[in-house]
Amino acid sequence: MRQIKRVGVIGAGVMGAAIAAHLANAGLDVLLLDRTPGELTAEEEERGLTLASPAVRNRLAEQGVAGALQAKPAAFFLPDYRRQVQTGNLTDDLVRLGQCDWVLEAVIENLEIKRQLLETVAPHLADEAVLSTNTSGLSINELATVLPPALRKNFLVTHFFNPPRYMRLLEVVGARDTDPGLLQAMAAFLSRHLGKGVVFAKDTPNFIANRIGVYAIYKSMEHMLAMGLTVEEVDAVAGPASARPKSATFRTADLVGIDTLVHVGRNSYRFLPDDDERDVFQVPEFMAEMVEKGLLGQKSRRGFYRQEKGEGGRQLFFYDYRSGDYQPAAKPKFPSVEAAKQVGDPGERLQLLLAGHDPAADFAWRTLRDTLIYTVKRIPEIADDIVNVGNAMRWGFNWELGPFEMFDALGVASFVERARRDGVAVPELLAGVECFYKFEGGKKFYLDLLSGAYRPIPSTPERIDLTILKKGGGLVEGNGNGSILDLGDGVFALEFHSKMNAIGGDLLALTHKALKRAEEEGVGLVIGNQGANFSVGANLMVLAVALAEGAFDDVNLAVRAFQKATMALKYSRVPVVAAPFGLTLGGGCEFCLHADAINAHAETYMGLVEIGVGLLPAGGGTKELALRAIRLAERYDTDVSPFIFKNFQTIAMAKVSTAAAELPGLGFMDEGDAITMDRDRLLADAKQKVLALAGNYRPGRPEEELKAPGRGVAASIKAQLWNLQTGGFITPYEAEMGGVIAGVITGGDLPAGTLISEPYLLELEREGFLKLCGHPKTAERIQHMLKKGKPLRN
């Protein structure tokens with residue numbers, strides 16, 4: 001197996017520096033190089049530096065790292081990871097590239113500049129070093145001509161999408177002389193160590209994702225102009241209703257940069273002379289005018305959308321291409337879109353949208369029809385198979401379904417018939433296709449368009465696909481919101497699949513069933529799923545109804561049930577491993593805190609955020625942070641106060657991790673826990689952790705004889721809250737909430753050192769929760785949160 005431990009990145013601009021940061025996130029040593037400045041800055045002159053000073057010569061690379069540290073969203077998992085990035089320049093430090101296992105160039109997207117750089121770098125590389133270029137569409141074969149023959153076999157495209165940390169897609173392209181084994185080895189490395197979704201593209205302009213994605217955007221503009229729709233109306237249709245992201249068409253354009261979109265369109269038109277739909281890439285006049293006016297999107301804070309502060313808060317405006325001015329957002333609604341929004345399954349949502357009889361449904365059909373037909377015609381030009389194309393669009397443009405999954409959702413025959421009624425030419429191969437994907441014998445197959453045969457989608461034991469597992473007989477039992485699955489080797493899984501994976505009574509009941517199944521028939525349990533997020537917490541709707549009816553006894557029973565479920569996880573007879581990812585909030589966090597171990601995905605945003613609706617964590621979360629503070633004080637034979645203060649702040653400030661690497665600092669992960677970079681490996685890694693624990697597992701028992709921090713520590717916290725309230729930093733209501741949390745996390749109104757138990761802390765937690773439920777502002781906050789339809793977050 002090829003070992004990559006040190007990587008050289010050439011080009012410290014926004015993209016190069018962000019790539020360097022993510023390589024550091026993966027634990028790699030990085031050397032970041034850029035040009036040597038030709039003149040001093042005023043600050044450098046004041047400091048008495050010269051052009052020979054190292055600080056000057058490495059300035060551009062250092063500025064790149066500084067920019068990555070300040071980036072929002074953050075490029076580094078932790079600021080401390082910056083220490084793994086060394087800087088230098090292309091005049092003094094080329095020789096240091098000889099120590100790198102992989103050298104990646106990320107300079108400006110200009111063929112000649114890249115060729116000159118590659119020619120300069122080549123003599124300094126180690127014999128077996130990998131060399132790659134980060135280009136969004138330049139020809140690798142043209143770039144390779146300047147390299148010596150021995151190096152060409154190790155040369156490839158590694159096209160990161162921006163921002164590199166967050167965008168999963170990475171397109172890999174080989175040149176004519178690239179070693180096929182190297183491509184496979186690099187793909188495996190990029191997936192496992194950088195968490196990338198790798199697709200294999202061909203040496204064609206814009207590769208896969210941008211070729212299809214930019215076509216879809218330009219085609220949307222063409223139909224918008226023809227139908228007289230507004231930018232805002234298009235985005236109402238082209239988002240989740242049509243199985244695509246909330247950024248839809250024009251918010252995506254603002255994120256990418258309208259100037260960038262114009263550049264890609266012009267390049268596509270220039271370099272695709274044989275494309276039968278080349279004219280689609282002609283830049284609309286209104287978009288060229290926007291660039292001339294400096295309306296570039298998010299980077300200029302004005303694009304297809306802009307925001308302004310008004311008397312009632314921030315107001316959103318959209319660009320009116322007819323007048324060349326902005327208009328107030330009207331939040332247009334269409335019956336077809338509103339109907340589709342009520343459906344969870346993206347395929348069914350798409351069907352419902354296209355069955356409508358309004359302008360939105362007509363627009364959706366026109367754009368999807370043209371985009372799907374264009375995609376079919378691009379194989380094998382841009383990729384050899386439909387799997388790479390589907391993954392590129394899901395990972396690069398955040399489509400919920402790839403193009404060929406959309407075909408299957410709509411029905412290929414129905415699609416063909418409707419397109420022909422429109423008078424649109426349909427590729428011949430579509431006429432005989434029943435479906436592009438199918439399941440047989442517990443495996444998923446795709447249609448190979450080149451041979452006409454169905455082939456199994458490649459899989460490995462390190463990747464568990466729950467959809468395939470269920471279709472292959474892995475479903476043990478379940479309900480509408482969750483399932484118990486058999487992962488093999490005696491390991492069971494508890495899967496959430498409710499709306500936003502919110503935890504309600506049926507999932508709590510299923511938790512006990514999953515534990516019983518694992519204890520009686522297996523060796524352990526994994527808690528995980530493959531939805532958009534792990535869990536946004538408890539189902540607030542149930543609580544809102546109970547509070548509205550004044551049914552506090554029902555609330556008490558519901559809290560007891562939640563605590564009973566989390567305690568059952570903690571004191572199970574078999575090991576339990578939680579596999580969180582994405583949003584893991586409130587009750588979702590509490591489930592993880594009560595597992596024997598956590599195997600988190602690198603992008604896990606975990607926190608106890610209940611204070612956002614005026615409550616405290618009552619599924620064992622407050623109790624657990626109290627216990628952890630007490631244990632730390634006992635372990636180091638020291639004062640418990642600092643640990644209690646820290647954990648109190650975690651709850652009271654609703655702190656949420658911005659990466660899994662922050663979880664230990666928040667007290668949510670321990671030394672035995674792990675982080676997985678590759679989302680596809682998460683469940684398999686969690687399963688392996690269960691098996692590792694199962695061999696010598698010793699079940700625990702609820703803790704007793706714990707020394708309560710006591711009322712003195714609570715009084716110190718309340719004094720600080722009073723100071724904050726007096727200074728106008730928090731409201732009296734917030735001080736009151738903080739006081740209740742302080743009373744629970746310190747063990748109640750007891751002298752310091754009084755012996756208490758874990759069940760006692762749970763009772764305190766429940767009492768505190770019920771007390772806060774009785775406050776009139778709590779119900780208001782819950783209703784407001786439900787109205788917004790968003791998860792609780794800091």
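Two strands count as paired if DSSP finds at least two bridges between them. Strands (E, at least two residues) and helices (H or I, at least four) are DSSP runs, numbered from the N terminus. What you see here is a predicted model, where local features need pLDDT of at least 70, side-chain atom pairs count only at pLDDT 80 or more, and totals for chains, interfaces and linings use all residues. Residues are numbered from 1 along each chain as its sequence is written, and side-chain values use heavy atoms, with hydrogens and water left out.

**View 1. Strands β1 and β2, side by side.** Here Ile10 stands opposite Leu33 in β2. Strand β1 (residues 6-10) and strand β2 (residues 29-34) run parallel, joined by 5 bridges.

View 2. Follow the 8 strands in the order β3-β2-β1-β4-β5-β6-β7-β8; the pairing is mixed. At the edges sit β3 (85-89) and β8 (197-200), each pairing on one side only. From one strand to the next, the twist averages 25 degrees. Helix α1 (residues 14-25) packs on this sheet, touching β1, β2, β3, β4 (102-105) and β6 (155-160); touching, or contact, means heavy atoms within 4.5 Å. The direction of α1 makes about 170 degrees with that of β2. For such angles, axes are lines fitted to C-alpha atoms (for helices, over the stretch in contact), and values run from 0 to 180 degrees between N-to-C directions.

**View 3. One of the aromatic pairs.** The structure holds 17 aromatic pairs, and this one is Phe286 with Tyr321: tilted, 5.4 Å centre to centre, with 35 degrees between the planes. Rings of Phe, Tyr and Trp (its six-membered ring) pair if their centres lie within 6.5 Å; planes under 30 degrees apart are stacked, over 60 edge-to-face, and the rest tilted. The two partners come from distant parts of the chain, 35 residues apart: Phe286 belongs to helix α13 (residues 285-292), while Tyr321 is in the loop between β10 (313-320) and β11 (325-328).

View 4. Asn162 and Pro163 are joined by a cis bond with omega about 0 degrees; look for Pro163 in the loop between β6 and β7 (169-174). The bond from Ile379 to Pro380 is cis too, with omega near 15 degrees, and Pro380 lies in the loop between α16 (359-377) and α17 (386-396).

**View 5. Met500 and its backbone.** Met500 isn't a glycine, yet its phi is positive, near 60 degrees. You'll find Met500 in the loop between β17 (491-496) and α21 (505-521).
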